[in-house]
Amino acid sequence: MKLQRRDSRRGAGRPAWQEAPHPLTSTAKAVAIVVVLALVAVPFLVVISTSLADPADVVANGGWAIWPEHPTLAAYKEILSGGIVGRATVVSLGVTVVGTALSLAATVLLAYALSRPAVFGGKPIMLVVLFTFLFPPGIIPAYLVVKETGLLNSYAALIAPVLVNTFNLVVMRGFFQSLPAELYEAARMDGASELTMLWRITIPLSRAVLAVVGLFYAVSYWNSWFNALIYIDEPARWPLQLVLRTYVLAGGQLADPSAGEAGLLSAPQTVRMAVVVLATIPIVLVYPFLQRFFVKGVLSGAIKS
Amino acid sequence: MSVQTRAETAEPDAARPAGGAVGRPGPATPSRRARYQRWRRDRILVALMVPGLLYYAIFHYGALFGSVLAFLDYVPFLGLSGSRWIGLDNFQRLFGDADFWRATVNTLEIAVLQIVFFFPAPLALALLLHSLTHTRIKRFVQSVVYLPHFVSWVIVIALFQQVLGATGVLNGFLADGGLHTVHILGNPDAFKPMVVAQVIWKDTGWGTIIFLAALTQVDEQLYEAAALDGARPWRRFWHVTLPAIRPVIVLLLVLRLGEILSVGFEQILLQRDAVGARAAEVIDTFVYFHGIQDGDFGLAAAAGLFKGVVGVVLVYAANKISHRLGESGVYR
């Protein structure tokens, strides 16, 4: 009983042969851990605090707040009451949801077909796919393809050019291949078709990897801004990250002459930081789910490849 | 990577008992017949591949084909087929362009700084995390340090501005303390170290994953034997841990060397205007500004193609070197 509790609390614990750590070592480690945690957390906390602070306090303090003394949600009300930020949030959410669904579908189908033993064309196709790791398309040729396919200035230009991620594909295929072949054989005996097996065997057994890959896609769609910068002219159709880049960063020392005038450029720091928080929230929301599957899903696939 | 494809061939067709005819000894032209049988058996699977393959055909191989515009006097109105073939003129212009060499030197400087300062960081943090025996603390620290990887570069730059910028927290404290404020983010001289610092902040935690996985694979008995032979922690690290994770280190280094001409395009593009092109232009931003912004597609595509070819050569060379060192590298 005692032993069990100790195990659950301390994991593996310290093995018998290992010497007890020197108190100095333990202290140094603890300090290092605290410093690392602070380095990650402080920038987020400053931005959140500033976004919640009273604008007058922030101005008086020189543009930032480490703790909001008169907390207010005014900045959030302002950005969400329509205008470019509200619209951009809707665009980002739409692209993320639709893009993730399409990417996941295309990746699952291709990964499943390529995971079946000795599938027709499997080897050459795998080489063709893996070659793209070695030689990713350049910015200019990629732009040209989007232009020639008539996708410029459409939301499709934010999805189609990044539909399948080769790393995700390889991870998923590796996971599918690790499923026991007997299951497929048994299903085959019962007269199941490939589609039935994909739907009834592969997908139910691959929830972890589907979750990880789906969240990877969602995060990358949500975070993407460069494709919108080169493919979409109209600021009214920009996703949130690009709006953030153009009107919020440009207001700081990263002045971008091409950004032009916009309400946000002269917006108070609290509003700017509220946009930053808004653009981060979805990541933080999905993060716990993502984290739970990291080890299970990603590593098993990644190590094999 | 080819390991997988090889493993695949090793698996006999019999693993797929579906088409009974597949394994059967064929008559006159067995291979052709077998291929036809496989095609008949796998039609549905091939149909499933279509969306993904279309994507690769259009956006990867179509783009690869589009790289020919590096050899054209490209006029958008005339298109690829109508533009005049000018051979290597674009490359001649490119290699005679001082800005391009400036960008290449900047790229290499940043890459070297990254390899020296960023590359070991995840290993160090992984060793620290691995040495924690308290599982819950370890999990918590891991959750925190992985997070920045999932935040976009736009947000990372915004965070850095708010902390280190002219009106940021650091300068606020310095001013309050009556000290000189420091000009970090808009300073061309500080730009390259700053870029590396940002990468360290964003991706050190995430980079620990692969090292932690390698560290847990180390045979516990080796440590025990070494300890019984009187090896102190440092010797155990040097003679057990390091040799055990060497393949992972070499693999990651090979991959990094292959990408030496890619140094965080988005990150640098976001900050280039703050410090000017002299300090901040890298090959990728050179391509973007000359191609998309100035419309000199031929020159920009030539620069992009140059970068791609150098990347392939470097992966090949680095892989060869890792084989010489007795490691398996990325592929065989």
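This note goes through a predicted model of two chains, point by point.

1. Basis. Residues are numbered from 1 along each chain as its sequence is written, and chains are lettered from A in the order in which they are written. Because the model is predicted, local features need pLDDT of at least 70 and side-chain atom pairs count only at pLDDT 80 or more, while totals for chains, interfaces and linings use all residues.

2. Confidence in chain A. The mean pLDDT (the predictor's confidence in each residue, from 0 to 100) of chain A is 84, and 86% of its residues reach 70 or more. Two stretches should be read with that in mind. Over residues 1-11 of chain A, pLDDT stays under 50, and the model has 7 contacts there beyond four places in sequence. Over residues 252-263 of chain A, pLDDT also stays under 50, with 22 contacts beyond four places in sequence. Two residues are in contact if their C-beta atoms, placed from the backbone, lie within 7 Å.

3. Make-up of the chains. Chain A has 14 helices and 0 strands, whereas chain B has 16 helices and 2 strands. Helices (H or I, at least four residues) and strands (E, at least two) are DSSP runs, numbered from the N terminus. Of the 305 residues of chain A, 42% count as buried; for the 332 residues of chain B the figure is 36%. A residue is buried if 20 or more other C-beta atoms, placed from the backbone, lie within 10 Å of its own, exposed if 12 or fewer, and partly exposed in between.

4. Interface. Contacts between the chains involve 94 residues of chain A and 88 residues of chain B. Helix α2 (residues 23-52) of chain A supplies the largest share of the chain A side, 13 residues. By class, that side has 63 nonpolar, 21 polar and 10 charged residues. Here Ala, Val, Leu, Ile, Met, Phe, Trp, Tyr, Cys and Pro count as nonpolar, Asp, Glu, Lys and Arg as charged, and the others, Gly among them, as polar.

5. Helix α2(A). The 30 residues of α2(A) should span 44 Å at 1.5 Å a residue, and the end C-alpha atoms are 41 Å apart, which agrees. The expected span is 1.5 Å times one less than the number of residues. α2(A) bends by about 35° at A41(A), and a proline, P43(A), follows within four residues. The bend is the angle between axes fitted to the seven residues ending at a residue and the seven starting there. Buried residues in α2(A) include I33(A), P43(A), V46(A) and V47(A).

6. Core. The largest nonpolar core has 150 residues, and those with the most contacts inside it are L110(A), V275(A), V276(A) and A303(B). Such a core is a set of buried Ala, Val, Leu, Ile, Met, Phe, Trp, Tyr and Cys residues joined through C-beta atoms within 7 Å. Helix α5 (residues 83-115) of chain A gives the most to this core, with 12 residues. Leaving aside neighbours within four places in sequence, V276(A) is in contact with V47(A), L244(A), V248(A), I155(B) and A158(B).

7. Positive phi in chain A loops. A118(A), in the loop between α5 and α6 (122-134) of chain A, has phi near 55°, a positive value in a residue other than glycine. A118(A) counts as partly exposed because 18 C-beta neighbours lie inside 10 Å. N153(A), in the loop between α7 (139-148) and α8 (166-177) of chain A, has a positive phi near 65° and is likewise a residue other than glycine. With 13 other C-beta atoms within 10 Å, N153(A) is partly exposed.

8. Helices of chain B. Helix α10 (residues 191-217) of chain B has 27 residues and reaches 39 Å from its first C-alpha to its last, close to the 39 Å expected at 1.5 Å a residue. For helix α16 (residues 297-324) of chain B, 28 residues should span 40 Å and the end C-alpha atoms are 40 Å apart, which agrees. G326(B), with a positive phi near 85°, follows α16(B).

9. G291(B). This glycine is in helix α15 (residues 283-293) of chain B and counts as buried, with 27 C-beta neighbours inside 10 Å. Not counting residues up to four places away in sequence, G291(B) touches I139(A), I140(A), D296(B), F297(B), A300(B) and A301(B). The C-alpha atoms of G291(B) and A303(B), 12 residues apart along the chain, are separated by 9.7 Å.
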